[in-house]
Amino acid sequence: MAAEQYSVQAELGEASPKPAESIAPRPSASSWRTATISDAVIRIEGLHKLYETSAGLFPALKDVSLNIAAGEFVAIMGPSGSGKSTFMNLLGCLDKPSAGRYVLDGRDVEKLGKDELALLRNRTIGFVFQGFNLLPRMSLLENVALPLIYCGITSDERQQRAQALLSKVGLDGYAASMPNKISGGQQQRVAIARALINRPRLLLADEPTGNLDSQTSKEIMALFEGLNSEGITIVLVTHEPDIAQYAKRQVRFFDGRVVSDQITHQEAAV
Ligand SMILES: Nc1ncnc2c1ncn2[C@@H]1O[C@H](COP(=O)(O)OP(=O)(O)OP(=O)(O)O)[C@@H](O)[C@H]1O
Ligand SMILES: [Mg+2]
């Protein structure tokens, strides 16, 4: 099917850029939740993403607006091709939107220079992918410590922090092992430890259990739950309702748009 010809301006219509003050909580339905400006780690307003294809511009995201507060645990769901990974890539500043506004931890991403953006990304975000992405010729300890090489941290401290994180994810004693000598679940634990090494406030995970059996998936999700209860904000893509149950909020994409946004676990009142 040919990609439809697409105009961001036409799509934006009345949703053209608004001042920051107008990014207000969405009214009405209690199932919708929008973080207040002060506690939002992620504020997204009118985001569009167009891909250039041989058949013309293809709109992968259309007018997506979403706020995510500090401490939330959000599952992103939706059919294949609905724009989930495109959205995660934008959240992680791995790609740029075609239009719209993205404020990450209080900083308008579009206004940052390349170095500032890299710094904000490294300090704020940890990534976990479906394919683990460990470097095969490095030990588990070296894999976990790798992101710290660019941070001017001494080798001793790098090793200590990596060791502590391997323990945290249940891999004490595996520091010297190589990635091809451990199971998929263990590899994903290493990838989570690596994602945490810069002490991020936000963990982004795109189908982190996609390559794992159901028991191992449960163990990985229990690990995410624990990290969230320590205060780390988590945004996780999954196809599986069982996995999404671990999150406290479920956002569903369809055809490049957010079509539902529901709180699924309410915090107990204090
Ligand atoms: N680099 C690209 N160039 C052109 N089109 C792309 C590109 N990346 C993604 N798309 C298209 O954008 C749409 C959304 O893709 P995306 O990968 O975000 O979907 P997804 O919801 O993550 O799907 P899945 O569940 O299969 O991972 C798809 O139609 C896809 O073909
Ligand atoms: Mg995807």
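How are helices H6 and H7 oriented relative to each other? In this predicted model, the axes of H6 (residues 184-196) and H7 (residues 214-229) come within 10 Å and cross at roughly 15 degrees. Angles under 35 degrees count as roughly parallel, and H6 and H7 are therefore roughly parallel to each other.

**The helix pair**

On the H6 side, the contact is made by Gly184, Gly185, Gln188, Arg189 and Ile192. Their partners on H7 are Thr216, Glu219, Ile220 and Leu223. Sorted by class, the contact has 3 nonpolar, 4 polar and 2 charged residues.

Ile234 is worth a visit of its own. Leaving aside neighbours within four places in sequence, Ile234 is in contact with Phe73, Val74, Leu203, Ala205, Phe224, Leu227 and Asn228.

| Residue | Loop between | C-beta atoms of other residues within 10 Å |
|---|---|---|
| Asn133 | strand E6 (125-129) and helix H4 (140-145) | 13 |
| Asp105 | strand E4 (99-104) and strand E5 (107-108) | 17 |
| Glu207 | strand E7 (202-206) and H7 | 21 |

What do these counts say about burial? A residue is buried if 20 or more other C-beta atoms lie within 10 Å, and exposed if 12 or fewer. Glu207, with 21, is therefore buried. Asn133, with 13 such neighbours, counts as partly exposed, and Asp105, with 17, counts as partly exposed too.

The backbone has something to show as well. Asp105 has a positive phi of about 50 degrees although it is not a glycine. Glu207 also has a positive phi of about 50 degrees, and Glu207 is not a glycine either.

Gln188 is one of the H6 residues that make the contact with H7.

Technical notes: Residues are numbered from 1 along each chain as its sequence is written. Chains are lettered from A and ligands numbered from 1 in the order in which they are written. This is a predicted model: local features need pLDDT of at least 70, side-chain atom pairs count only at pLDDT 80 or more; totals for chains, interfaces and linings use all residues. Axes are lines fitted to C-alpha atoms, for helices over the stretch in contact, and angles run from 0 to 180 degrees between N-to-C directions. Helices (H or I, at least four residues) and strands (E, at least two) are DSSP runs, numbered from the N terminus. Angles under 35 degrees count as roughly parallel, over 145 as roughly antiparallel, 65 to 115 as roughly perpendicular and the rest as oblique. Two residues are in contact if their C-beta atoms, placed from the backbone, lie within 7 Å. Ala, Val, Leu, Ile, Met, Phe, Trp, Tyr, Cys and Pro count as nonpolar, Asp, Glu, Lys and Arg as charged, and the others, Gly among them, as polar.
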